[in-house]
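Please read the points with the sequence and the structure in view.

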Amino acid sequence: MSRAPIRIGDWAVAIGAAAILLGTGLSGQRSPASLDLVGYALLMTGGLALAAYRRAPVTVLAATALCVLGYQAIGFDVAAIAFLIAVYATVRAGQHLVAVAGSVLMVLTLPFAMLLAHQDWSMAEAFAQARHALQLAWLIAAGAAGEALRQAERRADEAERTREETARRRADEERLHIARELHDSLTQQISVIKVQSEAAVHVALKRGDAVPEALYAIREAGREAARELRATLEALREDSIAPRQGLDHVQELVKRACTTGLDATLTIEGQPLDLPAAVDRTVYRIVQESLTNISRHAAATTASVRIDYRPDALVIRVDDDGKAGLHNSPVHGVGLLGMRERVSALGGQLRAAPRSEGGFSVRAELPVEPT
């Protein structure tokens, strides 16, 4: 998992804390004077370490604790401001046990660090000064503030997920509503037209009468309308009640295309990857729509489906030897537009155009993060 980057605001907190610590150290009384530079360096280091408090809170907690013990041991009586901020950051990151353990260790060891600089002090005086440098109330407040903000962020994330799930559920319900409306309003009428035209053609042929071209046109239009309506209803239902089909079902699409008289083949190259669900479904839809277009419009005899697994992408290519050419490119319909939208939504690229040697080619490249 990638770590959070250091932001300008983090540097502002670190520089501000370092300035406060250094200013306090410059104004205080120290002993012995020969260690002043070391003390100043520890004050600055403890403050600037806070720049990484979101990126590595546990490391920052340890670093600020060591700096506090160091400058107190050489006589700098400066409050442990940086350590308090580090405790807050550690609790905010969810590392409660680490924050508690670090705080307990600091409370127990700080008096002994002070005794190194003030050997004339008694143990009681050292503990009293330690309480002054590391106020227990401020320590608890820092932890409480970190936990409060962590809970607020978690609630915000949950609310965002709830909003997304609600929007998705409403979209599913709307799709089902549209599907039901289409089914109720159109299916019966189209079925009547289709059945009546089929019956009329059958009766005319049985009697030996000439069948008007208009009747044939009505019959074919009824068949096509029934197919398109069925495909539309399936698309509307696919994300809610229909089984989710993916790359594992592509072979079935190819076999089904062969039953229509098309010589279709499937080639898979590369090392198979675990694909995200959205990519998996998109692969299936691209192949499905491409083979459907070939069967209906291309007047092709052969089609090839090639799926190429690459380290960072999945490439799907569907070619045919149909009537499309450089000078008679077919009109791009709704199906191709849907493919393009699916691919673009995943950050991929789609190219659909006639081939120089004749026929049509659909090529989609979908980015895939290796798992």
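**Notes on a predicted model**

1. Methionine 106 touches Ala65, Val68, Leu69, Phe83 and Leu134, leaving aside residues up to four places away in sequence; contact means heavy atoms within 4.5 Å. This is a predicted model, in which local features need pLDDT of at least 70, side-chain atom pairs count only at pLDDT 80 or more, and totals for chains, interfaces and linings use all residues. Residues are numbered from 1 along each chain as its sequence is written, and side-chain values use heavy atoms, with hydrogens and water left out.

2. Methionine 106 lies in helix α5 and is buried, with a relative accessible area of 2% (buried means under 20%). Between methionine 106 and leucine 69 there are 37 residues in sequence and 8.2 Å in space, C-alpha to C-alpha.

3. Helix α3 (residues 57–73) packs against helix α5 (residues 96–117) at an angle of about 15°, the axes being 8 Å apart. The two are therefore roughly parallel (angles under 35 degrees). Among the residues making this contact are Leu61 and Ala65 of α3 and Met106 and Leu110 of α5. The contact residues comprise 14 nonpolar, two polar and no charged.

4. Which aromatic pair does the structure hold? Tyrosine 40 and phenylalanine 76 pair edge-to-face, 5.4 Å centre to centre with 80° between the planes (centres within 6.5 Å, planes over 60 degrees apart). Tyrosine 40 belongs to helix α2 (residues 36–48), and phenylalanine 76 to the loop between α3 and α4 (81–92). Both residues are buried.

Conventions
Axes are lines fitted to C-alpha atoms, for helices over the stretch in contact, and angles run from 0 to 180 degrees between N-to-C directions. Helices (H or I, at least four residues) and strands (E, at least two) are DSSP runs, numbered from the N terminus. Angles under 35 degrees count as roughly parallel, over 145 as roughly antiparallel, 65 to 115 as roughly perpendicular and the rest as oblique. Ala, Val, Leu, Ile, Met, Phe, Trp, Tyr, Cys and Pro count as nonpolar, Asp, Glu, Lys and Arg as charged, and the others, Gly among them, as polar. Rings of Phe, Tyr and Trp (its six-membered ring) pair if their centres lie within 6.5 Å; planes under 30 degrees apart count as stacked, over 60 as edge-to-face and the rest as tilted. Buried means under 20% relative accessible area, exposed over 50%, partly exposed in between (1.4 Å probe, protein chains only).
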